[in-house]
Amino acid sequence: MALPMTECLLCHRENLQQITLWQLLNFQPVEPSLLCQTCLDRLEPIPLDQACRGCGRHCSTQLCPDCTRWETLTNFKNRAMFQYNELLRQFMSQYKFYGDYRLRQVFQGKIKREVKQIKADLVIPIPINPITYQQRGFNQVAGFLEGVKTTAALATIEHDKQLPQSAKNRQQRLQMKQPFKLNLSTEKFNKKRILLVDDIYTTGRTIRHAATLLLDAGASEVVGLTLAHG
Amino acid sequence: MMQVRQLFGRQVLADAISVTPDWQPKLLQRPSMMLTGQLVICQRCGQSTPKQTVRLPQGNYYCPHCFQLGRVTSNQNLWSLPEPNRFTKLTDSPLSWQGELTSAQNACSQEISAVFATGKTHLLWAVTGAGKTEMLFHGIEQALMKGLRVAIASPRVDVCLELAPRFQAAFTSIPQIVLYGEMNRPYAYKQLTICTTHQLLRFYHAFDVLVIDEVDAFPFAADPGLNYAAQQAKKESGALLYLTATPSKELSRLERQKRLSVSYLPARYHGHPLPEIKFKLTSHWRQSLMKHRLPVPVKKGLSQMISKHRKFLCFVPHIKDLAALASVLHTAFPELKTTTVYAGDPQRHEKVQRMRDGELDCLITTTILERGVTFSNIDVMVLGADDGVFSTAALVQIAGRAGRKSAYPDGLVAFFADRQTKIIQEARRQIRFVNQKARREGLIGVTHD
Ligand SMILES: [Zn+2]
Ligand SMILES: [Zn+2]
Ligand SMILES: [Zn+2]
């Protein structure tokens, strides 16, 4: 049995979706996918038991070499859902740089489930700077979290002549000044377990800066959740 | 401040734009999207979209069809300046091409010149290997001499990149710009533009003469937005010429309704008929390959080609079929030098070159080599010709790879499939039809070398 024909939002091939007999007999809700099976098959999920406990990368040991080498933030760990591979690169490019807002829905279901499992007191999306927001018309992380109760606890700080993140090399990114400030008074965060959500974990500096701010404000624990690592 | 030359006949997306004061009043400003009750209609690509699927958080809408060219959002405008034709009128011909046209080509060429001069819309249906490009030269020569702005567009980058040097060589003194998605050079105002049909979306009433090559090719046939783009990119008074080897149903319908005039060139420039398609039924060919066996009719066909030392192209429907066929071929014919190629193959160009240089006997390929690429003396086979990836247009183009050069006008074209389909029948019928037409018109056997 097939749903009406649609087009895969990434590769534009026809996207025929099979409903399994199991789903039909059990009246399970069918989540229509916006990507075709071929594209979905190219995703590389990172299993929880094969991920670095520090940064969430796919890794056979408990802590990856990077997390062992760099001083780690106590009370912070990151969970990354997928490997940042060619398919996700294409996805992020179409979503973020070309601004195809429809793509926010692709991972909403999966992200919602992860958020639920993490059971945090506050869910905080990493903000983007107002100029980018104006141009893009949306915050890509907030788009993923549509339908999840979030708190806009962070705002960006404009440092002089800030290069866009993509134009910086690893060294420059690591030395980056604190790019965020708190939007709310500190007691909001006191003894709270906080979930920070971002799109991609690259060096981890962005999300760690945000985590530091929240831990300094009294949060008991900060957990990161990113769509991808790489 | 924006350079006025950047805006002549172009459409630029912005909230506001400023040019020198003398040009400011001439600026054309159009809202980039039209809103109806349920839909938003993009004024750049012409596509409409249900509002609720493309609403941004602040209440604007965007177009999901043409964002590769920079996203159209409903709060922006499209700005342009009317095309002023800032080109010198010429008294001497800029055409440096020395070749000669056959009398059939010449007849089409004259019809084309008349279309360009009168600003009509016209279709040139010329078989694969008819010499379409050369038939354009005289019409374009006259247009350029009058100071008109000319564009040649194709849905395929490959075709644009092949056409550009040919036009540069034919009109050496005319400044030319080539535009396509992945290029790095910026846009410049030139009298002759060669671009992908997608790039036409950036023009607004610019061209006096617009030629669209390969109109049957994906994605033009499938994408009504690009048709809209052609209408927008040419001036209202401008001429529009479609070139095709396999007219789509829509183009044929317009012709029957007398809404589109058509020139036919049913014969190749060398005066030999198109090789007709031989069709053989197979039984579960894919399963045979899995069991490491060549289907009997395929093996028979191949043995014949190989015993005659023919070079050949082997088309398969999908990337996953490439390796299967290659491995079975290798076992059945260990002497045969073969390789596989597909669209995303990083070594695509080298492999095609090796085939051209005669280093390979057989190239196993997906539909990417269906057009544009010419080999001088080749046979063609298609395995799984009934697969949905092969349209009638694609099959006619594939068959058209054989017998292109006058020194080797023959070539075997063999299709294999588990069933005969309407699409296969239509491709066979089209080729027989043009050969009959060419014979009736006395175009076959009149050889030109
Ligand atoms: Zn897809
Ligand atoms: Zn780590
Ligand atoms: Zn559009």
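Which residue in the turn between β4(B) and β5(B) has a positive phi?

**Before you start**

You are looking at a predicted model, in which local features need pLDDT of at least 70, side-chain atom pairs count only at pLDDT 80 or more, and totals for chains, interfaces and linings use all residues. Residues are numbered from 1 along each chain as its sequence is written, chains are lettered from A and ligands numbered from 1 in the order in which they are written, and side-chain values use heavy atoms, with hydrogens and water left out.

**Stop 1: chain A as a whole**

Colour chain A by secondary structure and you will find nine helices and eight strands. Helices (H or I, at least four residues) and strands (E, at least two) are DSSP runs, numbered from the N terminus. Of its 230 residues, 47% count as buried; buried means under 20% relative accessible area, exposed over 50%, and partly exposed in between (1.4 Å probe, protein chains only). Among the contacts in chain A with a separation of 6 or more, 73% come from residues 24 or more positions apart. A contact here means heavy atoms within 4.5 Å.

**Stop 2**

Select ligand 1, a zinc ion, and show the side chains of A:Cys8, A:Cys11, A:Cys36 and A:Cys39, whose SG atoms are its protein donors at 2.2 to 2.4 Å. Donors are N, O and S atoms within 2.8 Å of the metal (3.2 Å for Na, K and Ca); water is not among the atoms, so sites may look incomplete. The angles among the four donor atoms are 104 to 114°, and the site is tetrahedral. For four donors, that label requires all angles to lie between 85 and 135 degrees. The ideal value for four tetrahedral donors is 109.5 degrees. Along the chain the donor residues are spaced C-x2-C-x24-C-x2-C. Two of them to click on are A:Cys36, buried at 4% relative accessibility, and A:Cys39, buried at 3%.

Now move to ligand 2, also a zinc ion, with A:Cys52, A:Cys55, A:Cys64 and A:Cys67 as its protein donors, again through SG, at 2.2 to 2.4 Å. This site is tetrahedral, with angles of 102 to 115°, and its donors follow the spacing C-x2-C-x8-C-x2-C. A:Cys55 sits in the loop between α2 (37-41) and α3 (65-69) of chain A while A:Cys67 is in helix α3, so this pair ties together parts that are twelve residues apart in sequence. A:Cys55 is buried at 1% relative accessibility, and A:Cys67 is buried at 7%.

**Stop 3**

Switch to chain B and select residues 39-42, which make up β4(B). Two strands count as paired if DSSP finds at least two bridges between them. B:Leu35 stands opposite B:Val40, and three residues separate the two strands of this hairpin.

On to β5(B), residues 48-50, antiparallel to β4(B) over three bridges. Here B:Val40 stands opposite B:Thr49. The β4(B)–β5(B) hairpin has five residues between its strands, and B:Gly46 in the turn is the residue with a positive phi, about 80°.

**Stop 4: strand β17 of chain B**

Select residues 362-365: B:Cys362 and B:Ile364 point one way, B:Leu363 and B:Thr365 the other way, and all are buried. β17(B) pairs in the parallel sense with β15(B) over four bridges, where B:Phe315 has B:Thr365 as its bridge partner. β16(B), residues 338-341, also pairs with β17(B) in the parallel sense over four bridges, with B:Thr338 opposite B:Cys362.

**Stop 5: helix α7 of chain B**

Show residues 296-307. The buried residues of α7(B) are B:Val298, B:Gly301, B:Leu302 and B:Met305. They cover an arc of only 95° around the axis (taken from the directions from the axis to the C-beta atoms), which puts them on the same side of the helix. These buried residues pack against β15 (312-315), α8 (319-332), β18 (379-383) and β19 of chain B. Turn the view around to see the exposed residues B:Val296, B:Lys300 and B:Ser307 on the face turned away from the buried side. Just after the helix, B:His309 takes a positive phi of about 55°.

Key
Tetrahedral: all angles 85-135°; square planar, octahedral: opposite > 155°, others 65-115°.
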